[in-house]
Amino acid sequence: AAKACLSDEPKESELYARSAVLMDADSGRVLYEKNGYEQMPMASTTKIMTCILALEYGNLSDTVKVSAHAASQPKVHLGMQKDQEFLLENILYSLMLESHNDSAVAIAEHIGGSVEEFADMMNQKARDLGCNDTFFITPNGLDAQKTVNGETRVHSTTARDLARIMKYCISESEKSEEFLKITRTVSRSFQSLDKKGSYSVVNHNAFLSMM
């Protein structure tokens, strides 16, 4: 039986991902890793941190006003227009179900006052969780770099740190139930507060129907 289990373990060459970690969500123990401690661009997985901070520091009933900067974000985006207003709750579904870049910036500016200040909040939370190989610059995961104390830092994380952040979101944060409710939702429709814009977002997580 032991030999069978060992032979069933995937070889690194068979694993599509460049980097991976399997973490016990209760203990935080890393059970398997492939380049799990190598810093890499984190792309839209950034939005996991954006969401949990919005839940912890905002209220779902907050009114979020869209800035020109938020409205100018590239695809994939909701299609917000400058000065439109949305409930924070609705654009969190836009953020997590469709990974919209404009929603991420609108949320960051609402919660942090600016993208830069929100990134500081993201980095502080990462440090609090022991994610010392993670550095946030944007709330949506678009590639970015920044000079800090003469050193050029890039927007990046590791598979281990990302797993640690997810562990926090689903089981440790006081807003874990709200986080899970949003990310388990299959679809949602909503309007801007002026009722002039109607939107529908759909969850692309295949596991929702597979398991």
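**View 1. Lys-167 and its neighbours.** Leaving aside residues up to four places away in sequence, Lys-167 touches Met-23, Asp-24, Ala-25, Asp-26, Ser-27, Gly-28 and Glu-172, where a contact means heavy atoms within 4.5 Å. Lys-167 sits in helix 7; helices here are DSSP runs of H or I with at least four residues, strands are E runs of at least two, and both are numbered from the N terminus. Lys-167 is a buried lysine, at 11% relative accessible area. Buried means under 20%, exposed over 50% and partly exposed in between, using a 1.4 Å probe and protein chains only.

A quick note on what you're looking at: this is a predicted model, so local features need pLDDT of at least 70 and side-chain atom pairs count only at pLDDT 80 or more, while totals for chains, interfaces and linings use all residues. Residues are numbered from 1 along each chain as its sequence is written, and side-chain values use heavy atoms, with hydrogens and water left out.

**View 2. The whole chain, for orientation.** There are 9 helices and 8 strands in the chain. Its radius of gyration is 18 Å, close to the 17 Å from the globule rule for 211 residues, so the chain is as compact as a globular protein of that length. That radius is taken over C-alpha atoms, and the rule is 2.2 Å times the number of residues to the power 0.38. Along its principal axes, the C-alpha trace spans about 65 × 50 × 30 Å. Of the 211 residues, 45% count as buried.

**View 3. Helix 2 under cover.** Helix 2 (residues 46–57) has 12 residues and runs 17 Å from first C-alpha to last, close to the expected 16 Å; the expected span is 1.5 Å times one less than the number of residues. How many of its 12 residues are buried? The count is 11, so to speak a mostly covered helix. Among the buried ones are Lys-47, Cys-51 and Glu-56. The cover includes helix 4 (88–98), helix 5 (101–112), helix 6 (115–128), helix 7 (159–172) and helix 8 (176–183).

**View 4. Inside the largest nonpolar core.** Which of the 43 residues in this core touch the most other members? They are Ile-91 and Leu-92. Helices 2, 4, 5, 6, 7 and 8, plus strand 8 (198–202), each give two or more residues to this core. A nonpolar core is a set of buried Ala, Val, Leu, Ile, Met, Phe, Trp, Tyr and Cys residues joined through side-chain atoms within 4.5 Å. Not counting residues up to four places away in sequence, Leu-92 touches Cys-51, Ala-54, Leu-55, Leu-60, Ile-107 and Ile-182.

View 5. The peptide bond from Lys-75 to Val-76 is cis, with omega near 10°; Val-76 is in the loop between helix 3 (68–71) and strand 4 (85–87). Ala-43 isn't a glycine, yet has a positive phi of about 45°. Ala-43 belongs to the loop between strand 2 (30–34) and helix 2. Ser-99, in the loop between helix 4 and helix 5, also has a positive phi, near 60°.

**View 6. Salt bridges.** The structure holds 8 salt bridges, each a side-chain nitrogen of Lys or Arg within 4 Å of a carboxyl oxygen of Asp or Glu. Arg-160 pairs with Asp-161 at 3.0 Å between the closest N and O atoms, and Asp-161 is buried at 2% relative accessible area. Lys-65, Lys-82 and Asp-83 are linked in a network, with Asp-83 and Lys-82 meeting at 3.2 Å, N to O.
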